[in-house]
Amino acid sequence: MIEILLVLGIPLAGGIVLALIGERGHAPTVNVATSLLTFLASLALTARVIRDGPLLVLDQQFFVDPFNVFLVALTAFVGFTTSIFSRPYMRIEHEHGKLTPARLRLYHSMYQLFNFTMLVALLTNNMGILWVAMEAATLTTVLLVSLYRTPASLEAAWKYFILCGVGIAQALFGTILLYFAAEKLLGAEGGALLWTELNAVKGGLEPTVLSLAFVFLLVGYGTKVGLVPLHNWLPDAHAEGPTPVSAVLSGLLLNVALYAVVRCKVLVEGAVHNGMAKMLMMGFGLLSVVVAAFLLSRQKDIKRLFAYSSIEHMGIITFAFGMGGPIASYAGLLHMTVHSLTKSAIFFAVGHAAQKTGTQLIDSIRGLVTISPSIGWGLAIGTLAILGMPPFGVFASEFLILTTAMREQPWATPFLLLALGIAFAAVFSKVQPMVFGETTARRLPHRPAMFPVFVHLALVLMLGLWTPPFLADWYRQAARLIG
């Protein structure tokens, strides 16, 4: 139990402390230290689960199994590396006059509270608390997206708040329907919303009510995932917020929202045996992949470009979880991991590039390898990785998903191949001149903080060549639980 309390308590305490001192010179160090402690606590929790198996603690309100424990570790790790990246990035933003001391304090405190809300959503066993945590994550990120207080950032924050607020309201109605379906079996007490209790009696739940509940839950949490046609907030939020916020939004929050959908799918499939949940997830996932691929070629802002890439990849993961089965679920979990690591690394490189060139417009950024070789090569390697080039981990997960689709859902394979080909051409054609194009700018006099970028990319390369046995065992156990 102590491990769960530490994982949740450290970022909460850090958020409170940084709300008081977040504008001072040592606040970024406190932010990094808090994120590091959270990551170490997540490793201790992971070791405990590996040793003792699933944990159900604190009056059954918190539950850890192989499915969510690796997501907790991934969330804490990316949160830690992003805090390292944000330390020099936000200092430069402050020096350029984009942020006041009060906004720096808001950023540091909300960053830790955002991590706290995501970890609560992953660890809670109560579907009601899951909904509350997702709503709290929305509120904290609205403040982060609007940090610059420009008209564009305020518009993006309001769009995010309105669309995700409407979506999360649908998820609330779905949660109420879930409680209504379980009340007859589990009673009117709080046990009717505990996932472990629901999972134990899912075969006896009312199929019609549960089918309706899943529609609302998928639409509600799917809005947070960024599934088409519920995606309109995502490109604006990524483009107008600070780059560290774009990294955690794309690399972490989308995962947490999809985790909520998958937990609900497990319950519905146990009660409804007509494949409704499976087809809905595959349909939304495939639509997201195809639409995002075609929209990539129209983007002129580099952060919006990779925001649409996130929609595409979340569509691939949703499609994989929709297919179900041990192989597709394993591939979905692997793709979730490598996408988080790769996309956050890309946003780190893009953030430095935009900061140093003074623009996010693709046509105005040229010759990054000349201006700053580490940024240029970081962006080039990250782009190749996210486009699925071997031997990176994205290639391995996409290959597993495609081969499984060829066998189990052959009708979808042409759409996936077409979308992946269009996305590759669109992204590569835009990033290549940014990295290797001719430029008249001088080489930058100071070195960027690229350590988190290459650490992430090294991990993605490793996962493409070799998956550590303990990680592969997590994936297999989680795939059995959700497949």
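This tour goes through a predicted model stop by stop, naming what to select and what is found there. Residues are numbered from 1 along each chain as its sequence is written, and side-chain values use heavy atoms, with hydrogens and water left out. Because the model is predicted, local features need pLDDT of at least 70 and side-chain atom pairs count only at pLDDT 80 or more, while totals for chains, interfaces and linings use all residues.

**Stop 1: H4 and H5**

Select residues 101-123, helix H4, together with residues 127-145, helix H5; helices here are DSSP runs of H or I with at least four residues, strands are runs of E with at least two, and both are numbered from the N terminus. The two axes come within 8 Å and cross at roughly 160°, where an axis is a line fitted to C-alpha atoms, for helices over the stretch in contact, and angles run from 0 to 180 degrees between N-to-C directions. H4 and H5 are therefore roughly antiparallel to each other, since angles over 145 degrees count as roughly antiparallel, under 35 as roughly parallel, 65 to 115 as roughly perpendicular and the rest as oblique.

Now show the side chains of the contact, which means heavy atoms within 4.5 Å: on H4 they include Leu106, Tyr107, Met110 and Phe114, and on H5 they include Ile129, Leu130, Ala133 and Met134. The residues of this contact divide into 16 nonpolar, three polar and no charged, with Ala, Val, Leu, Ile, Met, Phe, Trp, Tyr, Cys and Pro counted as nonpolar, Asp, Glu, Lys and Arg as charged, and the others, Gly among them, as polar.

**Stop 2: the largest cavity**

Next select Phe63, Ala121, Thr124, Asn125, Asn126, Met127, Leu130, Trp195, Tyr259 and Arg263, which line the largest cavity. A cavity is a set of points, on a 1 Å grid over the protein atoms alone, where a 1.4 Å probe fits but cannot get out, and lining residues have an atom within 4 Å of a point. The volume of the largest cavity is about 60 Å³, a volume being the space filled by probe spheres set on the points, with grid points joined across faces, edges and corners. H5 and helix H10 (243-271) are the elements that give two or more residues to this lining, whose residues divide into six nonpolar, three polar and one charged.

**Stop 3**

Move to helix H6 (residues 151-186) and helix H9 (residues 233-240), whose axes come within 9 Å and cross at roughly 145°. Ala152, Lys159 and Tyr160 are among the H6 residues of the contact, and Trp233 and Asp236 are among those of H9; by class, this contact has seven nonpolar, one polar and three charged residues. Then select proline 229, in the loop between helix H8 (207-225) and H9, where the peptide bond from valine 228 is cis, with omega near 5°.

**Stop 4**

In the loop between helix H15 (373-386) and H16, select proline 391; the peptide bond from proline 390 to proline 391 is cis, with omega near 10°.

**Last stop: leucine 58**

Finally, select leucine 58, in the loop between strand E1 (55-57) and strand E2 (62-64), which has a positive phi of about 55° although it is not a glycine.

How values were computed. 1 Å grid on protein atoms, 1.4 Å probe; cavity = no way out; pocket = protein on both sides within 12 Å on 5 of 7 lines; lining within 4 Å.
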